Amino acid sequence: MGNFIKDNFNKDGVDRRGFLKCMAWAGTGTLCVLQAGVLKSFALSDIGSITKQDKAAMKGALSFVQISDSHIGFDKAANPDVTATLREAIAKINALPQAPEFILHTGDLSHLSKASEFDTLEQTLKTIRTDKIFYVPGEHDVLNDNGQQYRERFGKDSKGDGWYSFDQKGVHFIGLVNVMNLKAGGLGTLGHDQLEWLEDDVKHLKPSTPIVVFAHIPLWAAYPEWGWGTEDSEQALAYLKRFGSVSVLNGHIHQVMQKVEGNVTFHTAMSTAFPQPQPGAAPSPGPLKVPAEKLRSLLGLTNVDFRRGKHTLAIVDSTLDGASSTSNYRIAQPESEESLYGG
Amino acid sequence: MVKRIVSRSILCAALLGTFGWTAAIHAGDNTPAAQETASLEVKIDNFSFMPQDTAVAAGTTVTWINRDDVPHTVVSTSGKFKSKALDTDDKFSFTFTEPGTYEYFCSVHPKMTAKIIVK
């Protein structure tokens, strides 16, 4: 383990204490680098020197933005104007130095699955400076019609209840649906058909292919007591186990949470509409009313940056009031499969 | 335990003799008492049904009202009844004519489960 760190980094190696420190500061400006399950922490001031070392690598960069839980149609005290805050999020995207290649919307586009709400969302998102927007549905988008309207408008080329995959600059993206056919007492569900499709979808990919999975409800046990998890996510992750880098992006819980497990990085994004309480901090989940001046510090978006040459993945969470925090992960991308499994 | 049940039964019998039908609502009984009224309101608040498990007489109309800021549904696990998504303050009613235990949940937030026991 000591050799591993020495061979790859010049700066401080990380023991358990360092790991915990890194996790504790992940939301407030410490850079976390992950390689084959080993986390290192750097001060934010170090980021510049890391990225400057290999500018050529930036040519292979892939940059996209995740927005989530816009809840168009919600008009209660927690945020009476969710379209305005969505516009603010869009303004931040349009102000980025480089336009993102695409946007991922991780569900709850609407609050009540109404056609007028989908209209407003569609019109508002048209102002984003990007090539394409990819969607997955939240439970608020499939009310009363099992998601038929959602699929007609936002999932035309999808399969089943709305799942699909695509490739961009060597990264394989998988959009999953875990908000349909939910069972009494249970959590989010992917279901047999979707799992079978997933197994087949990744079968022919090399283990070195970076994978990004996005779905509405967390694909990990974020807080099952409030339904913040997915019943059969372990089966899905089992199909992705052989890949060197898997990033899982979710929404639903309206706050940033992250976790690293082996080669899998789990991350949830803020909402653009209203915050929810931290797990267990209230009698139930649901829209959290905060003082008006505090609202924009709890809403925001997520910027994801792949730097293939440098084998790093940067996840930057930015709030509408201008604060941001970065988590950097080193993608385990071995020269050969042997070094992945033999090392 | 057996002793306790026996002594409760004696107490129950004694009360029955003294107070007639009111003794049927026995404090030590774990099953909820049947309602006298033919209608019952179940509030949906803080992601839960209140009362969560309740007993009603056959013929009772139960009305659910959503007091949360997010939509919920009322869906029978056996397919007996199913509401549309209820927005804030929306209501849904169902009349229970047959005795039995009716489990239901919110299909949007399936952790929310409850039941109506029809006597």
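Student: What covers the buried residues of α7(A)?

Tutor: Buried means under 20% relative accessible area, exposed over 50%, and partly exposed in between (1.4 Å probe, protein chains only). Helices (H or I, at least four residues) and strands (E, at least two) are DSSP runs, numbered from the N terminus. Covering is judged by contact, meaning heavy atoms within 4.5 Å. For α7(A), the cover includes β6 (164-168), β7 (171-175) and α8 (233-239) of chain A.

Student: What kind of model is this?

Tutor: Residues are numbered from 1 along each chain as its sequence is written, chains are lettered from A and ligands numbered from 1 in the order in which they are written, and side-chain values use heavy atoms, without hydrogens and water. Local features need pLDDT of at least 70, side-chain atom pairs count only at pLDDT 80 or more, totals for chains, interfaces and linings use all residues, and this is a predicted model.

Student: How many degrees of arc do the buried residues of α7(A) cover?

Tutor: In α7(A), residues 192-202, the buried ones are A:Gln194, A:Leu195, A:Trp197, A:Leu198, A:Asp201 and A:Val202. The arc is that of the directions from the helix axis to the C-beta atoms.

Student: Which exposed residues does the opposite face of α7(A) carry?

Tutor: Look at the face turned away from the buried side of α7(A). Its exposed residues are A:His192 and A:Asp193.

Student: How far apart are the end C-alpha atoms of α4(A)?

Tutor: The expected span of a helix is 1.5 Å times one less than its number of residues. α4(A), residues 82-94, has 13 residues and should span 18 Å. The model agrees, with its end C-alpha atoms apart by 18 Å.

Student: What covers the buried residues of α4(A)?

Tutor: The buried residues are A:Val82, A:Thr83, A:Thr85, A:Leu86, A:Ala89, A:Ile90 and A:Ile93. They cover an arc of only 165 degrees, so they are on the same side of α4(A). Their cover includes β3 (61-67), β4 (102-105), α5 (115-125) and β12 (300-307) of chain A.

Student: Which residues does A:Thr83 touch, not counting those up to four places away in sequence?

Tutor: A:Thr83 is in helix α4 of chain A. It counts as buried, at 14% relative accessibility. Its partners beyond four places are A:Ile72, A:Thr120 and A:Thr124.

Student: How much area do chain B and chain A bury between them?

Tutor: Buried area is the accessible area (1.4 Å probe) that two parts lose on being put together, summed over both. The contact takes 17 residues from chain B and 23 from chain A. Carbon and sulfur atoms hold 66% of the buried area, and the total is about 1,600 Å².

Student: How many residue pairs are in polar contact across the interface of chain B and chain A?

Tutor: Salt bridges (a side-chain nitrogen of Lys or Arg within 4 Å of a carboxyl oxygen of Asp or Glu) number zero between chain B and chain A. A polar contact is a pair of N or O atoms within 3.5 Å; within protein, one must be able to donate a hydrogen and the other to accept it, and residues adjacent in sequence count only if both atoms are side-chain atoms. With both residues at pLDDT 80 or more, the number of pairs is four.

Student: Which backbone nitrogen does the side chain of B:Ser76 reach?

Tutor: B:Ser76 is in strand β5 (residues 75-76) of chain B. It is buried, with a relative accessible area of 4%. At 3.1 Å, its side chain reaches the backbone nitrogen of B:Ser78.
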